[in-house]
Amino acid sequence: MTTTPLDTMRKQAASYAAARDKLAALVQAMKDEISTVERGAMPDILRAARKIAALHNDLAADIAAHPECFARPRTIVVDGLKFGLQKQRGKMTWDSDEQLVARIDKLAAEGALTHEQAVMLVVNQPRPVAAALEQLDGKLLKRLGVTVTADTDAPLIKSVDGDVERPSAPSSSRPSRARRWRREQGQCDQGAERQGCRARYLGFAP
């Protein structure tokens, strides 16, 4: 029986999918282990975070209460931590963009602002929107002088589920490798027996 190029590519795709399923199982196993570690460490982390927040608030209150300590220098570094006072960036407001631009133009015309300053103060750079141009047909694009290049066919390899951590179920009634792994994992106890289940699924044990 002659093997066609499409038959070969189907086999390649099947091997690709199987390898991807193994990767998905490894990723999920890693996430499970990370979640276990996080759950165990979270109480200590929360306590440490609350303590740091309290210390931060105490230090900030003392800095605000004694600004004279930071006349010069404005900041001090202790054990890699910089603290002190710094000038906050003020928030600028104006009535409307149009009125502000009009006043800038007026001051520039009077000579109070240089031409360079006026140009820097106002942004006026109209430019085409590529996403909108993509919606036009070829005839209009040609009349506009827009050239479309590199729009040829290219190989496509994309998982239909879009997420390596969630292998999709096959169309047949046979359970997927990922589902078999989860089922077998659920039947195993914690510890060495579960590791054996994982090894058998990944192909490292009989």
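Q: Why is His-66 called partly exposed?
A: The relative accessible area of His-66 is 39%, and the scale calls a residue buried under 20%, exposed over 50% and partly exposed in between (1.4 Å probe, protein chains only). Because 39% falls in the middle range, His-66 is partly exposed. This residue lies in the loop between α1 and β1, and its C-alpha is 9.8 Å from that of Gly-84, 18 residues away in sequence.

Q: What kind of model is this, and which features are left out?
A: This is a predicted model, in which local features need a pLDDT of at least 70 and side-chain atom pairs count only at pLDDT 80 or more, whereas totals for chains, interfaces and linings use all residues. Residues are numbered from 1 along each chain as its sequence is written, and side-chain values use heavy atoms, with hydrogens and water left out.

Q: How confident is the predictor in the protein, and where is the pLDDT below 50?
A: On pLDDT, the predictor's confidence in each residue from 0 to 100, the protein averages 79, and 74% of the residues score at least 70. Over residues 167–175 the value is below 50, although that stretch has 13 contacts (heavy atoms within 4.5 Å) beyond near neighbours in sequence. Residues 184–206 also stay under 50, and for them the model has 28 contacts beyond four places in sequence.

Q: What makes a run of residues count as a helix or a strand, and how many of each does the protein have?
A: Helices are DSSP runs of H or I with at least four residues, strands are runs of E with at least two, and both are numbered from the N terminus. The protein comes to seven helices and two strands, in the order α-β-β-α-α-α-α-α-α along the sequence.

Q: Why are Phe-70 and Phe-83 called an aromatic pair, and what is its geometry?
A: Rings of Phe, Tyr and Trp (its six-membered ring) pair if their centres lie within 6.5 Å, with planes under 30 degrees apart counted as stacked, over 60 as edge-to-face and the rest as tilted. By this rule the count comes to one aromatic pair. Phe-70 and Phe-83 are 6.0 Å apart centre to centre with 85° between the planes, and the pair is therefore edge-to-face. The pair links distant parts of the chain, with Phe-70 in the loop between α1 (5–65) and β1 and Phe-83 in strand β2 (residues 81–84), 13 residues apart. Phe-70 has a relative accessible area of 6% and is therefore buried.

Q: How do you know that Thr-75 meets residues beyond its neighbours in sequence?
A: Not counting residues up to four places away, Thr-75 touches Lys-82, Phe-83, Gly-84 and Leu-85. The C-alpha atoms of Thr-75 and Leu-85 are 6.1 Å apart, while the two residues are 10 apart in sequence. Thr-75 is found in strand β1 (residues 75–78) and, at 31% relative accessibility, counts as partly exposed.

Q: What sets the backbone at Pro-73 and Asp-79 apart from the general rule?
A: Most residues other than glycine have a negative phi, and most peptide bonds are trans. The bond joining Arg-72 and Pro-73 is cis, with omega about 0°, and Pro-73 sits in the loop between α1 and β1. Asp-79 has a positive phi of about 50° although it is not a glycine. Asp-79 lies in the loop between β1 and β2 and is exposed because its relative accessible area is 81%.

Q: Why are Asp-44 and Arg-47 said to form a salt bridge?
A: A salt bridge is a side-chain nitrogen of Lys or Arg within 4 Å of a carboxyl oxygen of Asp or Glu. The closest N and O atoms of Asp-44 and Arg-47 are 2.2 Å apart, and the pair therefore qualifies. Because they are three residues apart in helix α1, about one helical turn separates them. Asp-44 is partly exposed at 49%, as is Arg-47 at 48%. The structure holds two salt bridges, and another is that of Arg-103 with Asp-95 at 3.1 Å, N to O.

Q: What makes Leu-136, Leu-140, Leu-144, Val-146 and Val-148 a patch?
A: Patches are made of residues with over 30% relative accessible area and no salt bridge, like charges being joined within 9 Å and nonpolar side chains (Val, Leu, Ile, Met, Phe, Trp, Tyr) within 5 Å. These five form a nonpolar surface patch of about 390 Å², the areas coming from the Shrake-Rupley method with a 1.4 Å probe and, for residues, only the protein chains shown counting as cover. Leu-144, one of them, lies in helix α5 (residues 138–144) and is exposed because its relative accessible area is 55%.
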